[in-house]
Amino acid sequence: MSLGKTEVEYISRLAAIEVNESEVNDVAAKLSNILDLFSQMQATDTENVSPMAHPLDQVQRLRPDVVTAVDQHEKLQSVAPKVENDLYLVPQVIE
Amino acid sequence: MHNLTIKQMSEKLHAGEITSVQLTQHYLDRISQYDAELNAFVTVTPELAISMAEAADKMLAAGNGELLTGIPIAHKDIFCTDGVKTSCSSKMLDNFIAPYDAYVVEKLKKVGMPILGKTNMDEFAMGSTSESSYYGPTKNPWDLNAVPGGSSGGAAAVISAGLAPMATGTDTGGSIRQPASFCGITGIKPTYGSVSRFGIVAYASSFDQAGPMTRSAEDAAWMLNAMAGFDERDSTSLERETPDFAAELNQPLKGLKIGVPAEYFGEGLDSGVEDVVRNAIAEVEKLGAETVEVHLPNKDLAVPSYYVLAPAEASSNLSRFDGVRFGHRCEAPKDLEDLYKRSRSEGFGAEVKRRIMVGAYALSAGFYDAYYLKAQKLRRMVRDDFTKAFESCDVIMGPVAPSPAFNIGEKSDDQVSMYLSDLYTIPVNLAGLPGLSVPAGFVNNRPVGLHIVGPYFSEAKLLNIGHQYQQVTDWHKQMPEQYQ
């Protein structure tokens with residue numbers, strides 16, 4: 001399968017990763033090689049096989065709905081790029 | 001001191017013949033002497049190490065020491081370590097000082113194991129060579145032109161060169177076993193869910209599993225005892241009693257049935273590696289084991305299946321890196337989308353970006369069934385192959401990788417060829433089984449490991465086999481000449 005510029009732009013948007021004009025061809029070629037590898041899967045008949053999400057077919061463990069974590073926002077926010085009044089700062093979203 | 005086994009070190013520490021401070025300083029000195037050429041560490045933490053060693057000496061003096069108390073350790077830079085940079089070898093986390101300890105780090109701290117530093121790796125554990133690190137490639141102590149394997153390449157190099165007696169690793173598609181093979185050390189990936197993932201920077205959560213990297217199987221058993229256990233903070237942590245992984249070390253191997261998969265010795269396997277592996281199996285047979293042929297017919301489906309599923313999980317896991325809460329943030333973003341896109345594009349390296357993009361694509365509308373769902377079905381087929389094989393054998397033996405370590409730069413521009421080199425390790429991750437690599441010989445002066453895979457929860461048996469093999473061979477004792 002060969003990806004073109006349009007597909008790369010689409011994937012770039014899905015992944016929130018910028019792909020520069022100068023990189024598009026290289027990225028398209030490398031992603032296409034990987035998709036070729038994936039195409040090897042298609043020949044196998046999996047009609048009666050159920051998908052396996054976890055090795056031991058585990059189910060999610062439940063716990064009582066009580067607070068267990070302690071408030072440590074100061075410590076956790078100490079590694080944030082921009083914080084003001086205990087809030088994470090991002091560029092303005094609403095005009 | 002660096003040639004002692006962990007048991008010998010522990011005896012000397014408990015007898016007061018050496019102190020943890022002396023032992024820790026010995027390794028710190030070796031790191032200063034050798035790490036400039038190996039680049040196996042991202043961060044060395046001498047002050048932390050010595051202060052922890054002093055505390056360990058007090059524990060020992062008070063008679064509160066455990067087997068591993070006072071023995072220093074290096075953690076892969078994927079384990080969050082409170083107050084220490086935890087970069088995952090990425091520019092994205094170059095400024096990240098972890099605000100808490102991973103479960104494994106916390107547990108080994110409590111035992112009193114001084115932390116020497118954090119080891120280099122492939123960025124976000126995505127690679128088989130440790131070349132994709134933001135901090136440059138780690139070199140293989142056996143041959144500085146060779147890669148140490150990956151992604152736990154720094155950890156493997158550190159053990160191989162005697163810069164730490166023990167190291168933590170993680171294995172998502174082979175990242176403990178393949179570098180163990182390439183560097184001539186012992187590494188075990190336990191059954192999925194045995195060791196908590198809490199505080200390990202996530203790559204592909206249904207595969208990620210931490211394990212010990214050591215010189216010998218005996219050392220690995222002691223370390224796994226200290227690492228494993230149920231942790232409610234990891235939603236897939238197994239709620240079962242942790243066995244004593246060292247309990248079976250000295251069991252005789254008489255009657256052991258070794259499954260040898262015909263498919264693992266076919267085209268693409270280096271003939272030198274094949275000889276080493278077959279000789280190793282013959283050596284175990286001399287100890288009373290017998291071989292039976294088994295079949296893993298779907299082995300070729302494992303690599304494509306894994307390279308759909310792992311990137312799909314990665315694309316979701318790595319969406320947390322958005323330039324907002326931690327990690328790299330771009331300068332002067334013009335809006336929120338620009339902040340996300342540029343922070344991620346600047347912070348991630350090429351292979352990480354590729355896997356995120358491939359994963360996002362495999363999960364996207366219109367392709368989900370053809371890629372993701374198909375890969376999950378193949379995952380079950382690969383697992384069922386093992387289940388069937390274990391009906392006629394106790395363990396499976398074969399190669400860890402199709403070749404010894406390749407040269408630095410040899411595969412760095414050919415992803416698919418690099419992916420395909422994981423063909424023996426990946427099926428074990430897909431199935432969630434335990435797998436061990438023990439040093440078994442050399443090809444062109446580069447080490448080669450023997451891969452031993454067992455049913456779920458057979459770690460103690462695998463380590464028993466590894467230990468018995470290491471009683472009659474000395475591959476695990478060999479060190480590169482310049483680091484002896």
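In this predicted model, the charged end of B:Arg278 lies over the ring of B:Phe265, 4.2 Å from its centre, and chain B also places the charged end of B:Lys411 over the ring of B:Phe406, 4.8 Å from its centre. The two arrangements are set side by side below.

| Charged residue | Ring | Distance to ring centre |
|---|---|---|
| B:Arg278 | B:Phe265 | 4.2 Å |
| B:Lys411 | B:Phe406 | 4.8 Å |

Rings also meet one another: over all chains, a search of the whole structure finds 22 aromatic pairs, and one aromatic cluster is formed by B:Phe96, B:Phe124, B:Phe321, B:Phe326 and B:Phe348.

Turning to the interface, chain B and chain A bury about 5,400 Å² between them, with 67% of that area on carbon and sulfur atoms. On the side of chain B, the residues that lose the most area to chain A are B:Met357, B:Tyr361 and B:Arg380, which together make up 13% of what that side buries. The contact draws 70 residues from chain B and 49 residues from chain A.

As for polar links, 19 residue pairs across the interface are in polar contact, with both residues at pLDDT 80 or more, while the count of salt bridges between chain B and chain A is 1. In a salt bridge, the side chains of B:Asp82 and A:Lys75 meet at 3.1 Å, N to O. Among the elements of chain B that give two or more residues to the side touching chain A are α9 (299–317), α11 (350–362) and α12 (369–389), and α12(B) provides the largest share, 12 residues. By residue type, that side of chain B divides into 37 nonpolar, 13 polar and 20 charged residues.

Terms used: Residues are numbered from 1 along each chain as its sequence is written. Chains are lettered from A and ligands numbered from 1 in the order in which they are written. Side-chain values use heavy atoms; hydrogens and water are left out. Contact means heavy atoms within 4.5 Å. Buried area is the accessible area (1.4 Å probe) that two parts lose on being put together, summed over both. A salt bridge is a side-chain nitrogen of Lys or Arg within 4 Å of a carboxyl oxygen of Asp or Glu. A polar contact is a pair of N or O atoms within 3.5 Å; within protein, one must be able to donate a hydrogen and the other to accept it, and residues adjacent in sequence count only if both atoms are side-chain atoms. Helices (H or I, at least four residues) and strands (E, at least two) are DSSP runs, numbered from the N terminus. Ala, Val, Leu, Ile, Met, Phe, Trp, Tyr, Cys and Pro count as nonpolar, Asp, Glu, Lys and Arg as charged, and the others, Gly among them, as polar. Rings of Phe, Tyr and Trp (its six-membered ring) pair if their centres lie within 6.5 Å; planes under 30 degrees apart count as stacked, over 60 as edge-to-face and the rest as tilted. A charge sits over a ring if NZ of Lys or CZ of Arg is within 6 Å of the ring centre and within 35 degrees of the ring normal.
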